[in-house]
Amino acid sequence: MVVASPTQIHGEKLLAIELPVIDLSGERSMVSNLIVKACEEYGFFKVKNHGVPHDIIARMENESSNFFAKTFDEKQKAGLANSFGYGCKNIGFNGDTGEVEYLLFNTNPLSIAERSKTISNDPTEFRQVLTPFILL
């Protein structure tokens, strides 16, 4: 999930772009080529026909929004992103400056159970939401 920062940097306007949408039900080599192209041209893409139920996606988006709305100090409690955890980087080498925040997970359920206490206000809900993504 990518969410624009609610704070404008230097009074600049956000430019809305339409991200590529990749249909995962397509032929495998074609899907692979589309993913590579999207990564090269945009760095991001949307997927459809991925098999994740809409209610799970909505719950994960809610948990993500709640996490990234926390203060910097609260987010740091999730651990530094040396392999897994919370990270924040300054970006922009071609005049497009800003920050990107991210949260990386280990797919080990015990690791998620431990980290969920610092990521979510409701760790049980967070683990329930994340489990289907691990199983994919």
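Tutor: Accessible areas come from the Shrake-Rupley method with a 1.4 Å probe; for residues, only the protein chains shown count as cover. This is a predicted model: local features need pLDDT of at least 70, side-chain atom pairs count only at pLDDT 80 or more, and totals for chains, interfaces and linings use all residues. Residues are numbered from 1 along each chain as its sequence is written, and side-chain values use heavy atoms, leaving out hydrogens and water.

Student: What share of the accessible surface of the chain belongs to carbon and sulfur atoms?

Tutor: The accessible surface totals about 10000 Å². Carbon and sulfur atoms account for 55%.

Student: In what order do the elements of the chain run from the N terminus?

Tutor: Helices (H or I, at least four residues) and strands (E, at least two) are DSSP runs, numbered from the N terminus. The chain has five helices and four strands. Their order is β-α-β-α-α-β-β-α-α.

Student: How far apart are the end C-alpha atoms of helix α1?

Tutor: Helix α1 covers residues 28-41, which is 14 residues. The expected span is 1.5 Å times one less than the number of residues. That gives 20 Å, and the model agrees, because the end C-alpha atoms are apart by 20 Å.

Student: Is K75 buried or exposed?

Tutor: K75 lies in helix α3. Buried means under 20% relative accessible area, exposed over 50%, and partly exposed in between (1.4 Å probe, protein chains only). K75 has 5%, so K75 is buried.

Student: Which residues make up the largest nonpolar core?

Tutor: A nonpolar core is a set of buried Ala, Val, Leu, Ile, Met, Phe, Trp, Tyr and Cys residues joined through side-chain atoms within 4.5 Å. The largest one has five residues. They are F67, A78, Y86, L103 and I119.
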